[in-house]
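User: I'd like to learn how to read a few features of a model like this one. Can you walk me through them?
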Amino acid sequence: MQIELIHTGFFYADGGAMFGAVPKKVWSRHYPSNKQNSCILSMTTLLIRTGERVILVDTGAGNKHLKQLSYYRFFNLTDLHYELFKRNIMPEQVSDVILTHLHFDHCGYLTLHKQECEQLDVAFPNARHWISEQQWENFLSPNPLEKDSFFDENILPVKAKGLLHLVKHNCTLCEGVSLKLYNGHTLGQIVPYIGTKERTFVFAGDVIPLAASVSPKWISAYDNYPVTSYHEKILLLTEAEKEHQAVIYCHDAYTKCTTIKKVRDSYKSGLEVQI
Ligand SMILES: [Zn+2]
């Protein structure tokens, strides 16, 4: 089992939105922002090589919607195909793509424009694409607040090719990779747990997007169900602390992965873990 983080680009998000009800005076001690109150967020793909399978977790925003999403000022975007090519992996060799959820910054690279034409190709033509059934149904009939985060072009061509697979419950994808479902930020987020010789790594997705979001009450204003987020974070963090798991923060531009420590009745990020 070999795991690696592939960085796919940065964007700006409003600090107030990222930390919800937490005052800037407090959150600014834990995450930097500029004069406009914007925080730099990264996008991260996890590459898992088991020997038999090549698995990706999330794909970043791609480049199809940059004009519509200009508010986020994406920069230093990398091409995921090229990143894989540098690691001797061709798109056809990717066996599985696990999508934590279908917001644009996690699944934008699933489809690509064919050269100089409007038609879309799926980026990973032989991969089984895993999404939770609950997230899929949520995508088909989103609530008005979440609707703008979904783009049909990212996922409908995958569905049309018969590559979409729905996860109903917590399950094992293959030896060493299990999938657990969490609610809060959106419905039915998949959180992959990857067991290596050293320890278990948890790709927390938007359940805990930043090391500074570990504190259970630090909940983003982007979360659709904040009280649920609180309870679900406690579940994830309780296990992570007890089992000495390492949590990967997909949007943190500065801290990629840490252990979790319990501080009185709350949790904080612990020691940084190298991947
Ligand atoms: Zn999201």
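User: Leaving aside neighbours within four places in sequence, which residues is E239 in contact with?
Analyst: Contact here means heavy atoms within 4.5 Å. With neighbours within four places in sequence left aside, E239 touches K180, Y193 and Q245. One caution: this is a predicted model, where local features need pLDDT of at least 70, side-chain atom pairs count only at pLDDT 80 or more, and totals for chains, interfaces and linings use all residues. Residues are numbered from 1 along each chain as its sequence is written, and side-chain values use heavy atoms, with hydrogens and water left out.

User: Where does E239 lie, and how accessible is it?
Analyst: Helices (H or I, at least four residues) and strands (E, at least two) are DSSP runs, numbered from the N terminus. E239 lies in helix α7. For accessibility, buried means under 20% relative accessible area, exposed over 50%, and partly exposed in between (1.4 Å probe, protein chains only). E239 has 24%, so it counts as partly exposed.

User: What about T259: which element is it in, and which residues does it contact?
Analyst: T259 is in strand β14, residues 257-263. At 16% relative accessibility, T259 counts as buried. Again leaving out neighbours within four places in sequence, T259 has contacts that include R199, Q245, Y249 and K268.

User: Now the metal. Which atoms coordinate the zinc ion?
Analyst: Donors are N, O and S atoms within 2.8 Å of the metal (3.2 Å for Na, K and Ca); water is not among the atoms, so sites may look incomplete. Here the zinc ion is held by H101 (NE2), H103 (ND1), H185 (NE2) and D206 (OD), at 2.1 to 2.3 Å. Along the chain, these donors have the spacing H-x1-H-x81-H-x20-D. H101 sits in the loop between β4 (96-98) and α4 (104-107) and D206 in the loop between β12 (200-203) and α7 (226-242), so the pair ties together parts that are 105 residues apart in sequence.

User: Are H101 and D206 buried or exposed?
Analyst: H101 counts as buried, at 0% relative accessibility. D206 also counts as buried, at 6%.

User: And what is the geometry of the zinc site?
Analyst: Four donors count as tetrahedral if all angles lie between 85 and 135 degrees; four count as square planar and six as octahedral if opposite donors are over 155 degrees apart and all others between 65 and 115; anything else is irregular. The angles among the 4 donor atoms of the zinc ion run from 89 to 178°, and the site is irregular.
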